[in-house]
Amino acid sequence: MKKSLIVAAMMLLTAAAQAQTITASDVMATYQNAVNNTDGKYCYNAEVEQGIVRTQYVYLKVKEGRGRHAIQTLRPHLKYLYDYDNEGRLLTRTTQLWNGDLADWQPTCQLSYTYLPGQNIVECSYWDSLSQSFLHPQSKVVYEVLPNASIGFVSNYHRVKGQADYVLSEMMAVPNQMFYGSDLVSK
């Protein structure tokens, strides 16, 4: 029961944050908000081409030394690679984690976005170091708004190991106003 409530709460928060179509402008705004938060334990940098964030770097602030000789340094932590479609919508966000032993970025997961009329789908794939590729997606979240309805649905699916089809894990009805501002719903 407790696990189910936690999953439901996470789905609701995810619905509120990601129900809308994610565009290059959204990625840029998120990056700029992160950069402006100088009080956190992370610093951010990005590679921007023609006003579009292509790569974002996250550095961990580390205090080295003690007392007046202490200095703050930055250590690489995460790297996000973004790909967009011709309409400027996010297609993939690939996450890489810094491996200090290898002094290199290691892929960890990839979110793939699909936009259909009344539906946005986000699938999550994990990196397989043996095959040096992303595995078949193991989970997905579907954001769906029904025409002329006051509610939408957020559905969470997963794959059972060794099976090709997704299995519904959780489904939650969400008021349509959580989807407004997106192209999922016309007001």
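This is a predicted model: local features need pLDDT of at least 70, side-chain atom pairs count only at pLDDT 80 or more; totals for chains, interfaces and linings use all residues.

Tutor: Residues are numbered from 1 along each chain as its sequence is written, and side-chain values use heavy atoms, with hydrogens and water left out.

Student: How do you know that the length of helix α2 agrees with its number of residues?

Tutor: Helices (H or I, at least four residues) and strands (E, at least two) are DSSP runs, numbered from the N terminus. The expected span of a helix is 1.5 Å times one less than its number of residues. Helix α2 covers residues 24-36, so its 13 residues should span 18 Å. Its end C-alpha atoms are 18 Å apart, which agrees.

Student: Why is Y57 called buried?

Tutor: Buried means under 20% relative accessible area, exposed over 50%, and partly exposed in between (1.4 Å probe, protein chains only). Y57 has a relative accessible area of 14%, so Y57 is buried. W105 has 15%, so W105 is buried too.

Student: Which residues of α2 are buried?

Tutor: A24, V27, M28, Y31 and A34. They cover an arc of only 125° around the axis, so they lie on the same side of α2. The arc is that of the directions from the helix axis to the C-beta atoms.

Student: What does the face turned away from the buried side of α2 carry?

Tutor: That face carries the exposed residues S25, T30, N33 and N36.

Student: What covers the buried residues of α2?

Tutor: The cover includes β1 (42-49), β2 (52-64), β3 (71-84) and β4 (90-99). Contact means heavy atoms within 4.5 Å.

Student: How many aromatic pairs does a search of the whole structure find?

Tutor: Seven. One of them is formed by Y57 and W105, at 6.1 Å centre to centre with 50° between the planes. This pair links distant parts of the chain: Y57 is in strand β2, W105 is in strand β5 (residues 104-116), and they are 48 residues apart.

Student: What makes the pair of Y57 and W105 tilted?

Tutor: Rings of Phe, Tyr and Trp (its six-membered ring) pair if their centres lie within 6.5 Å; planes under 30 degrees apart count as stacked, over 60 as edge-to-face and the rest as tilted. At 50° between the planes, Y57 and W105 are tilted. Y82 and Y84 have 20° between the planes and 6.5 Å centre to centre, and their pair is stacked.

Student: Which residues form one aromatic cluster?

Tutor: Y57, Y59, W98 and W105.

Student: How do you know that the charged end of R159 sits over the ring of Y166?

Tutor: A charge sits over a ring if NZ of Lys or CZ of Arg is within 6 Å of the ring centre and within 35 degrees of the ring normal. The charged end of R159 is 3.9 Å from the centre of the Y166 ring. K140 lies over the face of Y157, at 5.2 Å from the ring centre.

Student: What makes β5 and β6 a pair of strands?

Tutor: Two strands pair if DSSP finds at least two bridges between them. β5 and strand β6 (residues 119-128) pair over eight bridges, in the antiparallel sense. Q110 stands opposite S125 in β6.

Student: Where do other bridges of β6 lead?

Tutor: Six bridges join β6 to strand β8 (residues 139-145), running antiparallel. There, V122 stands opposite V141.
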